[in-house]
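Hi,

Here is the model I promised to pass on. Have a look at it first, and my notes on what turned up follow below.

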Amino acid sequence: MIAAALSASVATSAVAETSLNVVGSWGSLELHQKFEQPFWSETLPEASDGDITTQVTSFDQMGIASGDVFRYLGDGLFDVGMTVGDYTVSDAPELEGLDLPMMATETDKARAVADAFRPIAEKTMNERFNSHVLAIVPYPAQVLFCNTPISGLADLEGKKVRGSGRSTGEFLEALGAQSLNIAFNEVPGSLERGVIDCAVTGSMSGYSAGWYDVSSHMLPLPIGGWDYVITAVNQDKWNSLSADEQQLIQEQVDKQFTAPVWANSKTETQRGIACLTGQGQCASGKPASMTLVKPTQADIDRAHQALEDVVLPAWAGRVDAETLEQWNAGVGKIVGLQAETP
């Protein structure tokens with residue numbers, strides 16, 4: 001079924017030189033519904049006066065595994081692809097340096113990190129996936145959901161916790177938890193059956209996916225980072241476009257997609273918390289009644305220690321010296337850390 005759908009996409013893209021087949025991130029979440037889908041299906045075609053046409057879907061609607069999106073993109077099976085950078089780190093460990101747990105706890109710093117990391121992302125995507133980066137945007141802060149009472153990070157000792165990437169898993173292990181790699185859409189069932197005790201995802205993402213039905217407590221520390229989504233275009237397709245088309249696409253992405261997503265992210269985490277706990281207004285639907293666990297200074301200190309002592313050195317050992325030098329000069333200065341090979 002996937003092969004047939006992808007073949008149809010390739011056939012469609014051959015009809016017009018400026019036709020783009022676009023595969024977005026999780027179709028059920030706000031990022032795709034409110035930003036990716038409208039931008040690629042309406043905003044960009046309108047800005048081009050109809051010269052650029054698109055077909056838009058999401059990787060889960062296509063039946064593509066989240067970690068395979070950039071592999072297929074690099075092969076040219078579609079033209080534009082979006083997925084969480086952390087989903088691809090088995091192919092591209094460099095991308096882990098974008099979103100290490102607890103590295104950026106505020107939206108403004110998270111954006112500064114994304115901007116500083118852009119050259120590393122561009123080089124990595126080009127070399128690993130034959131693609132060109134158009135945007136790096138966040139989901140809401142990746143917080144902790146548990147189906148058992150907790151009062152802080154110390155209570156994760158011995159618990160089975162779903163993380164969204166390798167670095168998050170290493171972070172959880174450093175806290176004494178057992179990290180499990182479970183797909184986002186499989187988490188509710190795993191929490192309900194007791195396969196896992198806790199899971200990490202964005203606050204609004206968890207609300208949209210109904211995680212409040214199978215979990216009771218939430219700790220709002222971004223222990224899973226921001227799950228940045230990278231938007232990239234196949235390099236061969238990009239090179240086939242005229243300079244004017246390239247400029248139009250990048251300008252529209254910057255102004256009409258990247259900027260609005262980042263503006264939305266300033267309030268999205270708190271809106272998700274309000275919807276999950278009933279503490280504040282929830283414009284997205286009926287509020288749930290999860291228990292909000294307020295992090296202590298001890299939680300914050302322990303998290304930063306795990307990042308500095310375990311997670312950062314582990315990542316540094318998986319990449320080359322050039323990547324580390326770039327990271328230290330850019331991201332490292334912003335977050336007050338320097339990576340060294342262990």
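Let me start with the strands. E6 (residues 160-163) and E7 (residues 178-181) pair in the parallel sense over four bridges. Helices (H or I, at least four residues) and strands (E, at least two) are DSSP runs, numbered from the N terminus, and two strands count as paired if DSSP finds at least two bridges between them. Lys 160 has Gln 178 of E7 as its bridge partner. To get from E6 to E7 the chain goes through helix H6 (residues 166-174), a β-α-β crossover that is right-handed (with the strands pointing away from the viewer, the path from the first strand over the helix to the second runs clockwise). Further along, Arg 162 stands opposite Leu 180 in E7.

Before I go on, the ground rules: this is a predicted model, where local features need pLDDT of at least 70 and side-chain atom pairs count only at pLDDT 80 or more, while totals for chains, interfaces and linings use all residues. Residues are numbered from 1 along each chain as its sequence is written, and side-chain values use heavy atoms, with hydrogens and water left out.

E6 and E7 belong to an open sheet of six strands with mixed pairing, in the order E7-E6-E8-E5-E9-E11. E7 and E11 (291-292) are at the edges with a single partner strand each, so one side of each has no neighbour in the sheet. Helix H10 (residues 243-277) packs on this sheet and touches E5 (142-146), E9 (217-219) and E11; contact means heavy atoms within 4.5 Å. The direction of H10 makes about 160° with that of E9 (axes are lines fitted to C-alpha atoms, for helices over the stretch in contact, and angles run from 0 to 180 degrees between N-to-C directions).

There is also an open sheet of five strands, again mixed, in the order E2-E1-E3-E10-E4. Its edge strands, E2 (53-58) and E4 (131-137), each pair on one side only. Neighbouring strands here are turned by 20° against each other on average, direction ignored. E4 and E10 (residues 229-234) run antiparallel and are joined by six bridges, with His 132 partnered by Val 233 in E10. Two helices pack on this sheet: H2 touches E1 (19-24), E2, E3 (80-84), E4 and E10, at about 165° to the direction of E2, and H5 (residues 107-129) touches E4 and E10, at about 150° to that of E4.

What about E3, buried or exposed? Five of its five residues are buried, so E3 is largely enclosed by the rest of the structure (buried means under 20% relative accessible area, exposed over 50%, partly exposed in between, with a 1.4 Å probe and protein chains only). Val 80 stands opposite Val 22 and has Val 233 as its bridge partner in E10.

Back to H2 (residues 30-47): this helix bends by about 55° at Phe 39, the bend being the angle between axes fitted to the seven residues ending there and the seven starting there. Its buried residues include Phe 35, Phe 39, Trp 40 and Leu 44. After H2 comes Asp 49, with a positive phi near 55°.

Cheers
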